[in-house]
Amino acid sequence: MNFEKYTDYSIEKTVEILAIDSPTGYTDTAALWTKAQFESLGFKASLTNKGGVIVDLGGVDTENALLLYAHIDTLGGIVCEIKGNGRLKISKLGGIHPHGAEFENVKVYTRDGRSYEGTFMLCNPSVHVNGSYDSTNRNFDTMEVVLDEKVSSSSDVRALGIENGDVVCFDPRTKITTSGYIKSRFLDDKLAVGMLLGFAKYLKDNGITPKRRIYAHITVYEEIGHGGAASIPAGVTEGLALDMGCVGSGLMGSEHKVSICAKDASGPYCYSMTTALINAAKDSGADYAVDVYPFYGSDVEASLRSGHDIRHGLIGAGVFASHGYERSHRDGVENTLKLLCKYLDV
């Protein structure tokens, strides 16, 4: 495999999908884009009733199939109150942390297709006016969306078509540095979607038919826990989630490595499958780490909790500062592709 070529392609596609707003519950546009991308590579793709994308990547052995998971839903917000002063109170979608999103630009999407820009900030955000600025706890009661529109009342806001239940999307601020770092909100998990497209392109370009059937499920409710709970194709015996590899104190992972998760908050991943992934990483020459993630869950665990009888594993490129302004590196992408190709014997 020309890993540099397919790393470049994976990053290119990651940048494209990062530009499509898709917080949990508002993923249709991103799903249709993802479906079209796999179809353009010649693979059959379909939408699930929940709005995810199932892709058939081919393969001979349909009785020992493998399902790859990634998710396109991200963190975000939803309007829960239009205040009398024309500001918006929001409720979180997924695990976004308000203190980590202070002064972030946002878009508010109305049900009739309009969008408006604004900024998420502290109520009374000027240090020259607010003597309690430093000591104020940042939460969804003390912070609000200030619209970039001339509004000063709830009726002004409603005249724009904005209502409770409208989705608030945070600017990803995507940047690729000359040194190879990938910086953006929502690399969790759009970086993995880009890598699956890179892997699919590799199969297509080289006319490879895998020995075992491989499917991909691009889910849309991972951030709230039930993305992978359904839509397991017949014959699947293993599920491998591609999600962010944790980087932080006490862990061996970094943005330059592929991370193999041995255990997360829900418990251990399949011992034999994790061992096979570690051996594949060694055999492929990938720079890898094995870690335990203390506060984490995945799509493949949702499959097990919903009763599916499959082995389960999790890998991912290292991502620093999760659920904030995240950072990875092209090395992590390349090492993940190396491990994936070796494990799947392609």
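Predicted model: local features only at pLDDT ≥ 70, side-chain atom pairs only at ≥ 80, totals over all residues.
User: Which tyrosines are in contact with Leu 240, leaving aside its neighbours within four places in sequence?

Analyst: Leu 240 is among the residues with the most contacts inside the largest nonpolar core. With neighbours within four places in sequence left aside, its contacts include Leu 66, Leu 67, Leu 68, Met 273 and Leu 277.

User: How is the pair of Tyr 26 and Tyr 109 classed, and how many residues apart in sequence are the parts that the pair ties together?

Analyst: The ring centres of Tyr 26 and Tyr 109 are 5.1 Å apart and the planes lie at 35 degrees, so the pair is classed as tilted. Tyr 26 belongs to the loop between α1 (3-18) and α2 (28-40), whereas Tyr 109 belongs to strand β6 (residues 104-109). The pair therefore ties together parts whose separation in sequence is 83 residues.

User: Is Tyr 26 buried or partly exposed, and what is the state of Tyr 109?

Analyst: Buried means under 20% relative accessible area. Tyr 109 has 17% relative accessibility and therefore counts as buried. For Tyr 26 the relative accessible area is 30%, so this residue is partly exposed.

User: What is the angle between the planes of Tyr 293 and Tyr 296, and what is the relative accessibility of Tyr 293?

Analyst: Tyr 293 and Tyr 296 form a tilted aromatic pair, with 4.7 Å from centre to centre and 55 degrees between the planes. Tyr 296 is buried, with a relative accessible area of 11%. Tyr 293 also counts as buried, at a relative accessibility of 0%.

User: Which side chain of opposite charge is nearest to Asp 243, and how far away is it?

Analyst: Asp 243 is located in the loop between β13 (236-242) and β14 (245-247). Leaving aside neighbours within four places in sequence, its contacts include His 71, Asp 188, Asp 189, Glu 222 and Tyr 296. Asp 243 is buried yet has no salt bridge. The nearest side chain of opposite charge is Arg 305, at 11 Å.

User: Over which ring does the charged end of Arg 173 sit, and over which that of Lys 201?

Analyst: The charged end of Lys 201 is 5.2 Å from the centre of the ring over which it sits, that of Tyr 9. For Arg 173 the distance to the ring centre is 4.1 Å, and the ring is that of Tyr 325.

Notes:
Residues numbered from 1 in each chain as written. Heavy atoms only, no water. Phe/Tyr/Trp six-rings, centres within 6.5 Å; stacked < 30°, edge-to-face > 60°. Helix = DSSP H or I, 4+ residues; strand = E, 2+ residues; numbered from the N terminus. Buried < 20%, exposed > 50% of the residue type's maximum accessible area, 1.4 Å probe, protein only. Lys NZ or Arg CZ within 6 Å of the ring centre and 35° of its normal. Lys, Arg positive; Asp, Glu negative; His and termini not counted. Salt bridge = Lys/Arg side-chain N within 4 Å of Asp/Glu carboxyl O. Contact = heavy atoms within 4.5 Å. Core = buried A, V, L, I, M, F, W, Y, C linked by side-chain atoms within 4.5 Å.
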